[in-house]
Amino acid sequence: QVQLVESGGGLVQPGGSLRLSCAASGSIFSIYTMGWYRQAPGKQRERVAVISSSGSTNYADSVKGRFTISRDNAKNTVYLQMNSLKPEDTAVYSCNAKRYSDTIPRVILYDYWGQGTQATVSS
């Protein structure tokens, strides 16, 4: 079992920055693939960025070059640094932890979600 708690959301002007944090507890953090997802009102949830247990990253095209995902395994925490924010980045951002099978590719053994944190970009 993994518990995820997000923090760092808020209101920021266009062009500004926010840093989201997700603190994990309850299991071996380092073996999980961690991700940030977002959902805007009236829209489907979308994957923003993921970082694997080995540190490789992947980003949605809409945030490439502006957002950076990182993890600190010693602190059981994953971060999302969001720069050059746009009004269309406004959403609830949720942290996700996935543990994949070591023997069968792409099979998800465990899948956990945090409750989310609101990020609003507005002047």
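Entry on strands. Before using the word "pair", I noted its rule: two strands pair if DSSP finds at least two bridges between them. The model is a predicted one. I looked up E1 and strand E3 (residues 18–25) and found antiparallel pairing over 5 bridges. In this pairing Val5 stands opposite Ala23 in E3.

I then followed the sheet across. It is an open sheet of 4 strands in the order E1-E3-E8-E7, and the pairing is antiparallel. Strand E1 (3–7) and strand E7 (67–72) are the edge strands, each pairing on one side only. From one strand to the next, the twist averages 15 degrees. As background, I wrote down that strands of a sheet pair through backbone hydrogen bonds, either parallel or antiparallel.

I searched the whole structure and found 1 cavity of 30 Å³ or more. The largest cavity holds about 30 Å³ of space. Its lining consists of Val2, Ala24, Ser25, Ser27, Ile28, Phe29 and Tyr32.

The largest pocket has a volume of about 210 Å³. It is lined by 14 residues, and those closest to its centre are Thr33, Val50, Ile51, Ser52 and Tyr100. Strand E4 (33–39), strand E5 (46–51) and strand E9 (91–100) each give two or more residues to the pocket lining. Which element gives the most to this lining? I found that E4 does, with 4 residues. The pocket lining divides into 5 nonpolar, 7 polar and 2 charged residues.

Entry on charged pairs. I counted 5 salt bridges. In one of them, the side chains of Asp89 and Arg38 meet at 2.9 Å, N to O. Asp89 is in the loop between strand E8 (77–82) and E9, while Arg38 is in strand E4, 51 residues apart. Are these two buried or exposed? The cut-off for buried is under 20% relative accessible area. Asp89 has 1%, so it counts as buried, and Arg38 has 6%, so it counts as buried too. I also noted a network of salt bridges that links Arg38, Glu46, Arg66 and Asp89.

Asp61 and Lys64 form a salt bridge at 3.1 Å, N to O, and both residues are exposed.

My last pair was Asp111 and Lys98, a salt bridge at 3.6 Å, N to O. Asp111 lies in strand E10 (residues 108–113) and Lys98 in strand E9, so the pair ties together parts that are 13 residues apart in sequence. Asp111 is partly exposed at 38% relative accessible area, whereas Lys98 is buried at 11%.

Methods:
Residues are numbered from 1 along each chain as its sequence is written. This is a predicted model: local features need pLDDT of at least 70, side-chain atom pairs count only at pLDDT 80 or more; totals for chains, interfaces and linings use all residues. Side-chain values use heavy atoms; hydrogens and water are left out. Axes are lines fitted to C-alpha atoms, for helices over the stretch in contact, and angles run from 0 to 180 degrees between N-to-C directions. On a 1 Å grid over the protein atoms alone, a cavity is a set of points where a 1.4 Å probe fits but cannot get out, and a pocket is an open set with protein on both sides within 12 Å along at least five of seven lines; lining residues have an atom within 4 Å of a point. Grid points are joined across faces, edges and corners, and a volume is the space filled by probe spheres set on the points. Ala, Val, Leu, Ile, Met, Phe, Trp, Tyr, Cys and Pro count as nonpolar, Asp, Glu, Lys and Arg as charged, and the others, Gly among them, as polar. A salt bridge is a side-chain nitrogen of Lys or Arg within 4 Å of a carboxyl oxygen of Asp or Glu. Buried means under 20% relative accessible area, exposed over 50%, partly exposed in between (1.4 Å probe, protein chains only).
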